[in-house]
Structure formats: structure tokens, C-alpha cells
Amino acid sequence: MKLLSDPKPFINPYLAGALLGLVLFFAFFVTGNGLGASGGLNRMLVLVEDTVAPEHVDRTPYLLSMAGGDANPLDSWVVFVTLGTLVGGFLSGWWNGRIRPETNKGPNISNRTRWLMAFVGGTFMGYGARFARGCTSGQALSGGAVLSVGSWAFMFAVFGGAYALAYFLRKFWN
Amino acid sequence: MAPFPIEELFGQAGAYLIYLLIGILFGAVLEMAGFAKSTKLAAQFYFKDLTVLKVMFTGIIVAMVLVFLTSGLGWLDYSRVWVNHTYLWPGIVGGLIMGVGFIIGGFCPGTSLVALATLKIDGVFFALGALFGIFLFGESVASFDQFYNSSFYGRFTLPDWLGVSTGVVVLAVTLMALFMFWGGEHLERIFGGKELHREPKFRYAGAGVMVALALAVLVIGQPTIMDKWEQIAAEKEPRLTNREVQIHPGEMLDLMNNDQLNLVMLDVRDEVDYNLFHIVDAKFTPLDSIPTLIDDLHGEPSNTVIVLMSNDEVNATTAWKMLVAENVLNVYLLEGGINYWLDIFGHGGHENCLTEPVINTEGDEELRHVFNSARGANDPAAEPDPHDIDVEYTPKVEIKVQQSTTGGCG
């Protein structure tokens, strides 16, 4: 393991973007589908809910559509994209010596505050991503590239929401 | 033509393997861009490091240009590419909530996965939070179901909305992205203290290539519905010449009385003939309106059978080619058209058939039967009673179910 060697620098953002565009195009060209992340998380969660409380899943229409009766919530393309994202992230991190336990945060807050923020922010993100029927990957990136009106409106809303609040949270990040 | 029916070609397991590979490439690119690092993502919102903007919009314009270039060249069928359906207001509200989550938590769902995979502890907490948020959504969505399903526009694209060609939008989005990069770099200089002259020169070449490709998309254009037909004509034309899709009036009458089916009848004649007489429940859809119906027809349930009709067969055949070119399934046309239908079932104007029924495949699309008033669907022949009539025919309708491209964050 390269755990302790110096991590390599990140690649140029335009180069990363071009690679991202090629991956996205490859996905559309071969499968007709784009990318996704929150949908896969959603289905993994539904699997747990279906194991713990199957009657509850059967009574909640939103969950039922993914796990009703014998349906396996993991039986969906987006689950495999999500699993792949984890594997790909790990492989690239390992290759570049960037796998190391750490907490990235602004200099003025403690680790614990950062973890709490991450959890709270994640909760908003997860809720909003389901509300908007897709996250930054599945809506903004994929829908944006194929010119969906809703995806573009969504994308501006994400940036708008974040910029609107950024000033008030500046102490946490700077 | 792409996209490929990967489940048919490689089986379910093979298809999932392809999705896994796509995910791996996606995760690797996110990691290489530095998206496992929350401080780098959050810096976007303080104008210090606009990596998020650059990666995201470069990704969008590269994929966009390639999608519409290959579509223009006839290699990719855009109608089978998943375009996220527009639910305008739920999307905007969800987006705002996500924006709040982004600045508080420092990740989005995809990037938190990569952070988790590289052992970033804040990424672990974020991913747990995201799961909790998704859980809360599943539990609460029933209470605002109506809003969640509101302002639905289906497959609605920027060219549809703006009323301009796809090429113009592709070029405009490309130029907008380049303008944002230019502005973004200046913001990085001001707020992040970056020295622009030390940025790599290849980005100018890249910008030039993107503009050139976007111009190529504009010049090549997108295939018209009849171009698409030409591409598949060799494969599909035999179905017309072998008369596999022209259904006998008797079969259509049975379809009309079959509760198991969702029968969609489209009458492509002009308004005068439609008002004189039409079959009950047949929709008035003149030929030039057919392209606007495609999305609705794609949204019909899988037990749908579509039957097209004109006075003879010529115009219905043209409409059939359009729908088949757009991958609408289970499309048939009424054999001999309305003229043959009236030959067989008669009508209020003259109860008994005056002549032997005639199938005029190359007919001039004139209504041969005389109506002295506009009867519309108020004519006995508009809805013949199947019990009174016994006609023999060879059934031709077979229902095929499409392997659907469902996408979004599924």
C-alpha cells in the first residue's frame, strides 16, 4: 500500500472535466442512460428497510415501487453505477496514494463540528436529491448534457442555494 | 444504432457489469479531480477554487457535443437516450435544498462516495447523513405527493422550450460554459490569488476544439423524422410490403372491444373529412402533428396498440413510417382506410354497401362515401356492434414490450 507516500497532485480540472464528459458520453452511447449516485444509495437503503420492516415498505407507495412484494430493490442499473463509483474512487485513490483517514475542514472548527456539519449537510443533500429526482450526477450532469429543461433549472437552483448560504457559513470553511 | 440493447446482447449480468464499469470510470474521474476533498468543493462557493464549475461544465459540454454530433451523423438514436423528465418546481425546490446541503456538508452524493472510498471521515458522516435524508424523504413524501408530482412537462428539452434548433442550443451552451470559465478564472485570480499565466496553455486549444465541434453539430443538424425512417427503411419496409401491419376492419373492431388493450386510434385525415365521419374515439391528428405526439405515445402503457387511419392507405402509411422511425412500438394501420371500413360497415347515409368492398392501397385519399351532413362519430358505422357483424380476417396484431430506458437517479 502506498498509504504513507506523498499523495500525487490532482489532475487539471479541465482535463478531469473532459474525461468526465467522455465517461458520460460512453454511458449514454452504450446504454442510453446517464450517471447516478443518489438513486443507488436510495435502493440500498430500501433493501435495509425491506429487510427490517417489509410491511412498512408495502404500505408506503414511494418505497413500494422499488421493493414491493418480491422485487429486489438492488435490481437496477443505478445500483451498479453506484457500486462502481465506490470501487473507482478507491482504485484511483490507491493508485495516487490518497487513501488515508483524514477529515478535511476549515481551520477554525474542530473535527467534531465538521463531522456534525457533514451529517447535517448530507441529510439535506439526501432529502433534496430525492425531492428533485436526482442528484448532481443524475440530474445536473446527465440531464444537463442531454439538454433537459428541468435539469438546467435544477442545476441553477443547487448553485443558487449554496451561494445564498455561503456567506453565513464562511467561518466554517475559511 | 446506439444505444445498444445491452440486456439482450449480454444478458442481465453482462449489462450490470457494463454499468459497474461505467461507475468505476466515473468514481475514478471524480477522485482524480480532487472531489473527495470537501474543502476543495466548498472553495467553489468562496470563489477561491472553481474546480467544481470547471469539471462539471467541461463534462457537460463534452458529453453534450458528442451526443448531438453522433446523433446528427445517425450513429446514436437520441430518442432512445434517457432525458430526465421535467418536474419543474419539485426540481427547483429539491435543488435549493441540495444547495443548502452542499455548503453545509461540503459534498454531493456522488463525491461523498468517493470520499468514503478514500477513507475521508467527513465523507463517511456525509454519506450517513445522505442515507438518513433519503430515509426521511421516503417517509414524508406521501404528505406532499401532489407537489412532488406537479409541474410535469415530461421529456422537455431546451430546444423545445426555446423553439430553436438543437445545434443553436449546443453552440450557445458551449459558449456560455467558456464564458463562465473565463469569468471563473478571473474570480480565482482575485479571491484565490491564482496566477493565470501559470495555467496550462492546452485549455485554449481545448476551447477551440469545443467551439469547432459545436459548430459542426450546428452545420450537420439533427436527423429529421424521415431521415430516421430512411435509416431503418431496409429493415422495416418489408413489413409494409408483406402487409403485416395493415389490419382488417374486423380486427380493429375486435381491438375496440378488447378491454385488455389500450387502443390508441389516430385519424390523420384533414378536418373536413374528420368532421364528416370518424370512428368513435379516433383522435384528430393531421399528418403534420404526428411528430409532436411522439413523446406522449412513448409514455403510453405497454399494452398499447396504435392504429393509424386515413381515407385510403397512403397517408396512414406515411404516419406509420414516422412512428416506427421514432421507435414507437405496436403501430398498425387500418387496411383500406376509412373507405374500406365504410364499405364493410356501411353508414347512415346509405345503409347498404353500394359496391363490393375495395382496398385501395394506392388511393388518392379522397373519401369515396358521401355524407350529406357532418356526422362525426354519430353514425352507426362509427361504432358498429361487434355482435351484429361477423367478418373473417387474419389477425396481425402482436404486442411487443420495449426494454425501456428508464434513467435519472432511478
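How many helices and strands are there in chain A? Chain A has nine helices and zero strands; helices (H or I, at least four residues) and strands (E, at least two) are DSSP runs, numbered from the N terminus. The legends below describe a predicted model, in which local features need pLDDT of at least 70, side-chain atom pairs count only at pLDDT 80 or more, and totals for chains, interfaces and linings use all residues. Residues are numbered from 1 along each chain as its sequence is written, while chains are lettered from A and ligands numbered from 1 in the order in which they are written.

**View 1. Chain A as a whole.** From the N terminus on, the elements of chain A run α-α-α-α-α-α-α-α-α. Along the principal axes, the C-alpha atoms of chain A fill a box of roughly 50 × 40 × 40 Å. Of the 174 residues in chain A, 57% count as buried, where buried means that 20 or more other C-beta atoms, placed from the backbone, lie within 10 Å of the residue's own.

View 2. Among the buried residues of α2(A) are Leu41(A), Asn42(A), Arg43(A) and Asp50(A). The axes of α2(A) and helix α5 (residues 77-95) of chain A come within 7 Å and cross at roughly 105°, these axes being lines fitted to C-alpha atoms over the stretch in contact, with angles from 0 to 180 degrees between N-to-C directions. The two helices, α2(A) and α5(A), are therefore roughly perpendicular (65 to 115 degrees). Look for Gly39(A), Gly40(A), Leu41(A), Arg43(A) and Met44(A) of α2(A) meeting Val78(A), Val79(A), Val81(A) and Thr82(A) of α5(A); two residues are in contact if their C-beta atoms, placed from the backbone, lie within 7 Å.

**View 3. The two domains of chain A.** Chain A is divided into domain 1 (1-102) and domain 2 (105-174), with bounds from an automatic or database domain assignment. Their C-alpha centres lie 17 Å apart. Eight residues of domain 1 of chain A are in contact with 10 residues of domain 2 of chain A. On the domain 1 side, α2(A) gives the largest share, three residues.

**View 4. Where chain B meets chain A.** Here 115 residues of chain B are in contact with 113 residues of chain A. Helix α1 (residues 6-33) of chain B supplies the largest share of the chain B side, 18 residues. That side divides into 77 nonpolar, 31 polar and seven charged residues; Ala, Val, Leu, Ile, Met, Phe, Trp, Tyr, Cys and Pro count as nonpolar, Asp, Glu, Lys and Arg as charged, and the others, Gly among them, as polar.

**View 5. Helix α15 of chain B.** Helix α15 (residues 314-325) of chain B reaches 17 Å from its first C-alpha to its last, close to the 16 Å expected for its 12 residues. Nine of the 12 residues of α15(B) are buried, so this helix is largely enclosed by the rest of the structure. Trp320(B), Lys321(B) and Met322(B) are among those buried. Their cover includes α11 (225-241), β4 (262-267) and α16 (337-345) of chain B. After α15(B) comes Asn327(B), with a positive phi near 65°.

Conventions
Parallel < 35°, antiparallel > 145°, perpendicular 65-115°, else oblique. Expected span 1.5 Å × (residues − 1).
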